[in-house]
Amino acid sequence: MLIAIPDVLSTEQLEYFRSVMERSEWIDGKVTAGEQSGAVKKNSQLKEGSPEARELGEIILGALSQSSLFVSAALPLKIFPPLFNRYAGGQHFGTHVDNAIRAIPGTPVRVRTDLSCTLFLTEPDSYDGGELVVEDNYGAQEVKLPAGHMVLYPSTSLHHVKPVTRGARVASFFWLQSMVRDGGQRTLLFDLDQNIQRLSAELGLTHPNVVSLTGIYHNLIRCWADA
Ligand code: NI
């Protein structure tokens with residue numbers, strides 16, 4: 001399932017991101033790719049672990065921690081520090097699947113990639129192409145979101161980024177390990193939580209049925225989650 005998380009970053013934050021990225025060093029994107037994905041990856045990236053990438057990554061993670069939609073959809077356990085890429089002049093990323101395990105450089109931490117995240121940083125009308133195409137059970141889905149919006153998609157899916165034929169597409173991308181490994185269980189929990197939110201808005205947080213359903217949600221988390 002693909003889930004869009006709107007308005008992760010504000011207009012002011014996006015302005016700040018652009019000013020920082022303009023004065024940053026961009027390198028060949030193959031450095032963080034595996035063997036197969038490296039063969040089809042044509043883009044540039046902010047240097048991983050550079051002060052700029054770290055600072056902007058922290059802002060993103062701070063914003064996401066405040067997003068109840070993100071937390072409900074992802075149930076994040078470990079998040080890889082955000083990376084940043086840029087496609088221009090026909091650059092693209094051919095069909096691949098993301099590496100299953102990612103070691104966070106300079107730490108003993110390893111992240112199983114359950115969900116892949118793309119946070120768009122440039123407005124869609126400023127470039128042509130650059131759609132993220134994700135193949136899931138329902139066929140191929142194309143994603144091109146406004147700046148500041150993010151998409152979550154299963155890391156198990158084959159996906160590619162279409163060539164950018166005008167302008168530049170800048171995005172942040174990263175992966176996360178969910179507390180709930182199984183995508184089907186995670187989707188059930190997300191649907192249940194969203195319905196509980198709607199019901200509690202209608203009936204109030206203390207309505208006995210809302211309390212009971214909230215209890216069921218937490219007890220399912222107990223069954224399925226690693227913490
Ligand atoms: Ni990928």
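Visitor: How many aromatic pairs does the structure hold?

Guide: The structure holds 3 aromatic pairs. Rings of Phe, Tyr and Trp (its six-membered ring) pair if their centres lie within 6.5 Å; planes under 30 degrees apart are stacked, over 60 edge-to-face, the rest tilted. This is a predicted model: local features need pLDDT of at least 70, side-chain atom pairs need 80 or more, and totals for chains, interfaces and linings use all residues. Residues are numbered from 1 along each chain as its sequence is written, and side-chain values use heavy atoms, leaving out hydrogens and water.

Visitor: How do I read one pair?

Guide: A pair of aromatic rings is described by the distance of the centres and the angle of the planes.

Visitor: Is Phe173 buried or exposed?

Guide: Buried means under 20% relative accessible area, exposed over 50%, partly exposed in between (1.4 Å probe, protein chains only). Phe173 has 11% relative accessibility, so it counts as buried. Trp175 is buried too, at 4%.

Visitor: Which residue lies over the face of Trp175?

Guide: A charge sits over a ring if NZ of Lys or CZ of Arg is within 6 Å of the ring centre and within 35 degrees of the ring normal. Arg102 lies over the face of Trp175, 4.0 Å from the ring centre. Likewise, the charged end of Lys144 sits over the ring of Tyr127, at 4.3 Å from its centre.

Visitor: Which residues coordinate the nickel ion?

Guide: Donors are N, O and S atoms within 2.8 Å of the metal (3.2 Å for Na, K and Ca); water is not among the atoms, so sites may look incomplete. Here His96 (NE2), Asp98 (OD) and His159 (NE2) coordinate the nickel ion at 2.1 to 2.2 Å. Their spacing along the chain is H-x1-D-x60-H. Asp98 and His159 are both buried.

Visitor: Which residues of helix 1 are buried?

Guide: Helices (H or I, at least four residues) and strands (E, at least two) are DSSP runs, numbered from the N terminus. In helix 1, Leu14, Phe17, Val20 and Met21 are buried. They cover an arc of only 125° around the axis, by the directions from the axis to the C-beta atoms, which puts them on the same side of helix 1. The face turned away from that buried side carries the exposed residues Thr11, Glu12 and Glu22.
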